[in-house]
Amino acid sequence: MEKFVIEGKKRLEGSLAVHGAKNSVLPILAATLLTGESVIHNCPRLTDVDAACNILHYLGAQSKREGDCMIVQSGNDCCCCIPDDLMRMMRSSIVFLGAIIAKCGKARISLPGGCELGPRPIDLHLDALERLGVVIEEDHGYLNCRSQGRLQGAKIPLPFPSVGATENIMIAAALAQGETLIQNAAREPEIQDLAAFLNACGAKVQIGSGGDITIAGVERLHPAEHRVIADRIAAATYLSAAAITHGDLTLTGVCPEHLSAVLPCFEEMGCRLAVDGSIIRLTAPQRLEPLRCVRTMPYPGFPTDAQSPLMAVSCLAYGSSLFVENIFESRYKQVPELRRMGADIKVESRVALVKGVPSLHSATVRCTDLRGGAAIAVAALGAEGESELFEIEHIDRGYEAFEQNLASIGANIRRDCTSQKPML
């Protein structure tokens, strides 16, 4: 068992390059099944990326890493089944379904795993694939899927702009016969990045100004090189760490436009921001102001993944902050751990009221999920004393070299191995 040992109250300052986006590279890796050899630059070193590569290997593809570059070679032969142990490693493994069906004409997968954030039904994925001509049957926790020949383009209205469902449709429809129209599609930057990769491989994907996506199916995709966009959630997390420590942090290699709903929150808390191209500099005040109301929404609204780190910062603001979670109903799992550190947070349904306290104190805490774990680490950076953070494998799923990055800008953080379970 590994843990982070974090001594708080160390001012963070310096410069940090932001790694490639986890939520972008995973569907791109799934799409490489259809492309022959592809070269993915700015591919972060994450355990979720390792899980995706394990699935690729099981399906018959080969991958190798060269620095920040992942080279994937997918042959003509393809296994059409993903076993239960691989599917359970991450929720986003469901995005492989569209690629497998498009390549093999059939698929057998178990239901996916990952962070438990409440219901994230895959019905949207399955209903959309059925519109493309896929026949789906459930078999004791597995999904048996097959198509009669080539997939057929269709009009697919999504009742909710699901990111995963949009990605699955885009990948599957790229090789369908005819045109597919996704109405009310997700508009996240990661969707645009997947479209850019598919188009580089010869697909015909167009994203309309209103959010609808049109895919004109092609006979085949070809190899391509692609650079993954920067991880906007990692950027928001490191900015949160700087804010809670009254720091001065410069992030490089980011796209400020992707953080358009997040950066105003830091300004509202009294931070000074300077944006120059792909560089963001945050200088935090000694006194943080509260956030009036943060409502998570589909892009371009405030991202649900950034809610947890901002909540950690608001624990030390002078006043009360309000959070409304509109995406996942179990997105406040970090709250009990923050309370262990002295935070004053009340939760009712999807609403959380955070009353800022003069200081947080050290505690033995655990990661509850990926973003919740990062939020607890942020709180520990701003707390007095030395905290122990367990179950850090959640953080490794989405943050490359988390402790090394923080240590490089002044944090006192180390990764320790222990055979003892935490006394929580």
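Which strands does helix α7 (residues 189-200) lie across? Helix α7 lies across β3 and β14, and runs at about 165 degrees to β14.

## About the model

The model is predicted, so that local features need pLDDT of at least 70 and side-chain atom pairs count only at pLDDT 80 or more, while totals for chains, interfaces and linings use all residues. Residues are numbered from 1 along each chain as its sequence is written, and side-chain values use heavy atoms, with hydrogens and water left out.

## A four-stranded sheet

Helices (H or I, at least four residues) and strands (E, at least two) are DSSP runs numbered from the N terminus, and two strands pair if DSSP finds at least two bridges between them. Four strands form an open sheet in the order β4-β5-β3-β14, with mixed pairing, and its edge strands, β4 (62-66) and β14 (225-227), each pair on one side only. Within this sheet, β3 (residues 37-41) and β5 (residues 69-73) run antiparallel and are joined by four bridges, with Glu37 opposite Gln73 in β5.

Tyr332 sits in the loop between β19 (320-324) and α11 (335-340). Tyr332 is buried, with a relative accessible area of 9%, where buried means under 20%, exposed over 50% and partly exposed in between (1.4 Å probe, protein chains only).

The side chain of Tyr332 reaches the backbone oxygen of Phe323 at 3.2 Å, and a polar atom of that side chain lies 2.8 Å from the backbone oxygen of Arg350. Along the chain, Tyr332 and Ala352 are 20 residues apart, and their C-alpha atoms are separated by 8.0 Å.

Methods: A polar contact is a pair of N or O atoms within 3.5 Å; within protein, one must be able to donate a hydrogen and the other to accept it, and residues adjacent in sequence count only if both atoms are side-chain atoms. Contact means heavy atoms within 4.5 Å. Axes are lines fitted to C-alpha atoms, for helices over the stretch in contact, and angles run from 0 to 180 degrees between N-to-C directions.
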